[in-house]
Amino acid sequence: QVHLVESGGGLVQTGGSLRLSCAASGRTFSSYPMGWFRQAPGKEREFVAGSSYSGGNTKYADSVKGRFSISRDNAKNTMYLQMNSLKPEDTAVYYCATKGTRDYSYGLLGVSSSYTYWGQGTQVTVSS
């Protein structure tokens, strides 16, 4: 059974930084695309960033381009989201997710319904 656990969330001031981690277990981590999504109160879940299985191809939401960076350490079965220049509108619960198959499509990295396994989320709050 695939298990994803996020960590690293917290309270930070506007302009600050956080690094989220997603630890994976239950299968060969390096064989599957992964992504980060977020959901703010009263809003739908939205795509933040995605990575191919190797990390060589990445995709970002326009709202985070230039501020967030996704990476993965396949040797540690861990994915990261480095978040810089945080804004109050970045406040949300952040989820990591991974695909159910090894099929990789750049266009589907941002589609939440294409992901099978999800973590429980970690809260990020950016104060103004």
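Let's begin at L20, which is buried in this predicted model, with a relative accessible area of 0%. You will find L20 in strand β3. Which residues does L20 touch? Leaving aside residues up to four places away in sequence, its contacts are S7, G8, G9, W36, M79, Y80, L81, M83, Y94, T122 and V124. Take M83 from that list: L20 and M83 are 63 residues apart along the chain, yet their C-alpha atoms are separated by 7.9 Å.

Stay in strand β3, which covers residues 18-25, and you will come to C22. A disulfide joins C22 to C96, with 2.1 Å from S to S. C96 sits in strand β9 (residues 92-98), 74 residues apart from C22, so the pair links distant parts of the chain. A search of the whole structure finds one disulfide.

Now look for R67, in the loop between β6 (58-60) and β7 (68-73). Is R67 buried or exposed? Its relative accessibility is 10%, and because buried means under 20%, R67 counts as buried. Not counting residues up to four places away in sequence, R67 touches Q82, M83, N84, S85, L86, K87 and D90.

Notes. Residues numbered from 1 in each chain as written. Predicted model: local features only at pLDDT ≥ 70, side-chain atom pairs only at ≥ 80, totals over all residues. Heavy atoms only, no water. Disulfide = S-S within 2.5 Å. Helix = DSSP H or I, 4+ residues; strand = E, 2+ residues; numbered from the N terminus. Buried < 20%, exposed > 50% of the residue type's maximum accessible area, 1.4 Å probe, protein only. Contact = heavy atoms within 4.5 Å.
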